[in-house]
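Subject: Structure for you to look over

Dear colleague,

I am handing over the structure below, together with some notes on what was found in it. Please read the notes with the model open beside you.

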Amino acid sequence: MRRFLLLAMALCYASARNITSTPNTRYIQGNNTDEKEALNFLLAYDREASAMCNNVMNTQWDFNTNITESTKQRMLETQLEYAKFQKDVWATATTFKWKTFRDPSIRRQFKVLSVLGRAALPEEKLKEIQQLLADMRDIYSRNRVCPYVKQPKNASLPIRMESVKCNLALDPDLTRIMAKSKDDNELTYMWQQWHDETGRPLRSKFMRYVELSNEAARLNGFKDTGDQWRASYDIEDFNSELDELWMGLRPLYQQLHAYVRRRLHHQHGKIVPLDGPIPAHLLGNMWAQSWSNLYDTTVPFPNKNSMDVTLSLKRQGYDPVRMFQLADQFFVSLGMKSVPDSFWTASMLEKPLDREVVCHASAWDFCNGRDFRIKQCTEVTMEDLTTAHHELGHIQYYMQYVNQPLAFREGANPGFHEAIGDVVALSVSTPKHMQKIGLLDKAADDPEVDINYLYSMALDKIAFLPFGFLLDQWRWKVFSGEIPFDQMNKAWWDLRLRYQGVAPPVNRSEHDFDAGAKYHVPANTPYIRYFVSFVLQFQLHKVLCEASGHVGPLHKCDIYQSREAGKLLAELLKLGSSKPWPDAIRILTRGRTSRMDPGAIMEYFQPLMEWLQKQNTEEKAGWRGMNSGITIKTTWVAVVLSFVITLVFSRLW
Ligand code: KAF
Ligand code: ZN
């Protein structure tokens, strides 16, 4: 009965205000100044929305763990119901004059509820965009490609044999090949297969989704979807802040790039020119976003300890459940929460063989304070052990902010949510910790082992930075129209060249849609959060290390079993998004700063930076084209502008 109370209330308000239209300014409010009534409304909202949210989560889970037409339809139905509910809630929330309320927490909750999101669209368009999103996920996840068949010696192109089965999936098949193969032809073939087969069918759906998503953003008072996404960070000039962070980190990336390029040049020859970008298929990962798989073949000191624990995991009989138990125990050692029993029975920790699933990892909150799950097609590798920690970081956040009202059950900003598991993994991956848990052999304290370790971390953390930075630079410009649809792929590769210093292994055209080959693009998931997370996680690591009493270099710190560090971290997570995130940083740093700061990352990698600089004295870091990358449209604008200016001036003179 209670569940319908809020709905009835909402409908009354809606009809009283005769709301038939949708919003068109940001964070709107009405005339009702009754703060007590507003509080009651929020309490009722919390109860009812949690139940609705639980219902939607269940159907989304069913679709993501068993992709069929019927699970898709069921999911779309509940999403539509939820959208209607949100619209009613919005209609009521915006009758209150909430900006004048005395309680800052109430004001902040109303600010959240005053943005309707996609539900602002008229029903037909809402149905269309929900369908598009489900279809894009479906296409991406079901995609299968053909295996590489080594060509006979004198043929010039690899041939596709009719008899071979084209059933390779991204996870685990292509991921494994991109990680392990050193054969340029095979890597080129696999890279192209994946990019052609995912990107092309997604392109037109993506374009329609951009139009509809922008329409929804505008109805909510934002300029476009990018503008709406950036609002989650709620700071003036977020773009300049990001640029500043990237400029601070770029020198380290360029040193790593130059070193790796030279080592790849020695392995692959002239396809890796010493002054150019690196071909994107040679970096051990489909998107060249993490280079960890190059560790074995590019390690600075090959005679010293290896940092790759994959072999040890396999030898010791680890399975996915044991990998997650290990991660869970780390949180427990900090005095934080352990996952509930239902987590182990309800999660999907391995790829099922009898049905289609969305393999990309995710952590789920079923909005009832007890049901939390992970969906991950876990392989027994070090990379997936790190991902297991990453995902459990999301779950730990969910469990810590469980007592916040629904509107605040989010990260301080989206980057915080992405950072928590990674912070813990920074301790877990130290050689000292790995030795403690028996995954690495004992090694003496040795600066060369240190460099090997820092190098392995840089292949993950530093290599990622430009990719994390550029993906949404591209998407924001597509949303704003600065990148027109007919130049999406060119603009994508301009940015990839400019920031990452990578180039496609084969010619690309506007028939291709290479950004669509990355999960988060068809999945409508913002990406700048990961760049923010990679900066924040080192900042958090430093603060927690200090709290744990660590002395010595930052890269040697392991906060395992530190109750002090755990207390500080839990304090942050418990806040959810109830306070502006700069306040959260201020609380955490005990008043020292309220800003994101690349200082901790640079400090962590300082010994490696010095070592790389010494290795790279022979050649210039950087690559041809690193300062270009202005989209064609901007170039044209510049040309036309200069033409007009010349004309005007010549007339004036
Ligand atoms: C992160 C860390 C290390 C390397 C690379 C990354 C970036 C990124 C990537 O490119 O693989 N990592 C992920 O995508 C990990 C998956 C996830 O945990 O971030 C997941 C992505 C996702 C999946 C489905 C719908 C939406 C987002 N995010 C979450 O499960 C999540 C996000 C916010 C709150 C709670 C959970
Ligand atoms: Zn994540």
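Val-260 touches Ile-278, Leu-283, Trp-291, Leu-294, Tyr-455 and Leu-459, if residues up to four places away in sequence are left out of the count. Please keep in mind throughout that this is a predicted model. Together with Trp-474, Val-260 has the most contacts inside the largest nonpolar core, a set of 179 residues. Helix α17 gives the most to this core, contributing 20 residues. As general background, nonpolar side chains tend to be buried together in soluble globular proteins.

Val-260 also takes part in the packing of two helices, being one of the residues through which α9 meets α17. Helix α9 spans residues 238-268 and helix α17 spans residues 447-480, and the two pack with their axes 9 Å apart at an angle of about 135°. The crossing in which α9 passes α17 is left-handed. On the α9 side the contact includes Phe-238, Asp-243, Trp-246 and Tyr-253, while on the α17 side it includes Tyr-455, Ile-462, Pro-466, Phe-469 and Trp-476. By type, the residues of this contact divide into 18 nonpolar, 1 polar and 1 charged.

The peptide bond that joins Asp-171 and Pro-172 is cis, with omega at about 5°, and Pro-172 is found in helix α6, which covers residues 170-180.

Asn-524, which is not a glycine, has a positive phi of about 60°, and this residue lies in the loop between β4 (502-503) and α19 (528-547). Gln-561 has a positive phi too, near 65°, and its place is in the loop between α19 and α20 (563-574).

Which of these residues is buried and which is exposed? Asn-524 has a relative accessible area of 16% and is therefore buried, the limit being under 20%. Gln-561, at 54% relative accessibility, counts as exposed because the limit for that class is over 50%.

With best wishes

Key. Residues are numbered from 1 along each chain as its sequence is written. Chains are lettered from A and ligands numbered from 1 in the order in which they are written. This is a predicted model: local features need pLDDT of at least 70, side-chain atom pairs count only at pLDDT 80 or more; totals for chains, interfaces and linings use all residues. Side-chain values use heavy atoms; hydrogens and water are left out. Axes are lines fitted to C-alpha atoms, for helices over the stretch in contact, and angles run from 0 to 180 degrees between N-to-C directions. Helices (H or I, at least four residues) and strands (E, at least two) are DSSP runs, numbered from the N terminus. A crossing is left-handed if the near helix is turned anticlockwise from the far one by less than a right angle, and right-handed if clockwise. Contact means heavy atoms within 4.5 Å. Ala, Val, Leu, Ile, Met, Phe, Trp, Tyr, Cys and Pro count as nonpolar, Asp, Glu, Lys and Arg as charged, and the others, Gly among them, as polar. A nonpolar core is a set of buried Ala, Val, Leu, Ile, Met, Phe, Trp, Tyr and Cys residues joined through side-chain atoms within 4.5 Å. Buried means under 20% relative accessible area, exposed over 50%, partly exposed in between (1.4 Å probe, protein chains only).
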